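Hi,

Here is the model I promised to pass on.

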Amino acid sequence: MARVVVDVMLKPEILDPQGQAVQRALPRLGFDGIADVRQGKRFELEVEGPVDEAALARIHEMAETFLANTVIEDFTVKVES
């Protein structure tokens with residue numbers, strides 16, 4: 001089985017209140033020097049059979065229609081070995 005990872009992140013122009021909350025908390029916890037934090041989602045898909053162009057196209061379609069809200073989020077699809 002192959003693993004395909006879909007990472008979903010808010011678009012840069014979209015406010016990320018969760019990331020901002022983490023960023024504000026870090027210095028209080030002793031973690032200085034962090035300029036920005038953006039929070040996202042990671043989906044790890046175990047794919048049966050070969051991960052060919054057709055499988056990647058289907059996963060891309062799944063990410064675009066189900067895993068990400070493409071109005072406010074971007075996503076990447078990559079195969080891990």
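Predicted model: local features only at pLDDT ≥ 70, side-chain atom pairs only at ≥ 80, totals over all residues.

Residues are numbered from 1 along each chain as its sequence is written, and side-chain values use heavy atoms, with hydrogens and water left out.

**The sheet.** Three strands make an open antiparallel sheet, ordered β2-β1-β3. Strands here are DSSP E runs of at least two residues, helices are H or I runs of at least four, and both are numbered from the N terminus; two strands pair if DSSP finds at least two bridges between them. β2 and β3 are the edge strands with a single partner each, so one side of each has no neighbour in the sheet. On average, neighbouring strands are turned by 20° against each other, direction ignored. β1 and β3 are paired over eight bridges, and leucine 10 has glutamate 73 in β3 as its bridge partner.

Helix α2 packs on this sheet and touches β1, β2 and β3, its direction making about 150° with that of β3. (Contact means heavy atoms within 4.5 Å; axes are lines fitted to C-alpha atoms, for helices over the stretch in contact, with angles from 0 to 180 degrees between N-to-C directions.)

**The core.** The largest nonpolar core has 10 residues, among them Val4, Leu45, Ile59 and Phe75. By that I mean buried Ala, Val, Leu, Ile, Met, Phe, Trp, Tyr and Cys residues joined through side-chain atoms within 4.5 Å, where buried is under 20% relative accessible area, exposed is over 50% and partly exposed is in between (1.4 Å probe, protein chains only). β1, β2 and α2 (53-67) each give two or more residues to this core.

**The charged pairs.** There are seven salt bridges, meaning a side-chain nitrogen of Lys or Arg within 4 Å of a carboxyl oxygen of Asp or Glu. Shared partners join Arg3, Arg42, Glu44, Glu46 and Glu80 into one network. Aspartate 7 meets lysine 78 at 3.1 Å, and this pair links β1 to β3 (residues 73-80) across 71 residues of sequence.

Cheers
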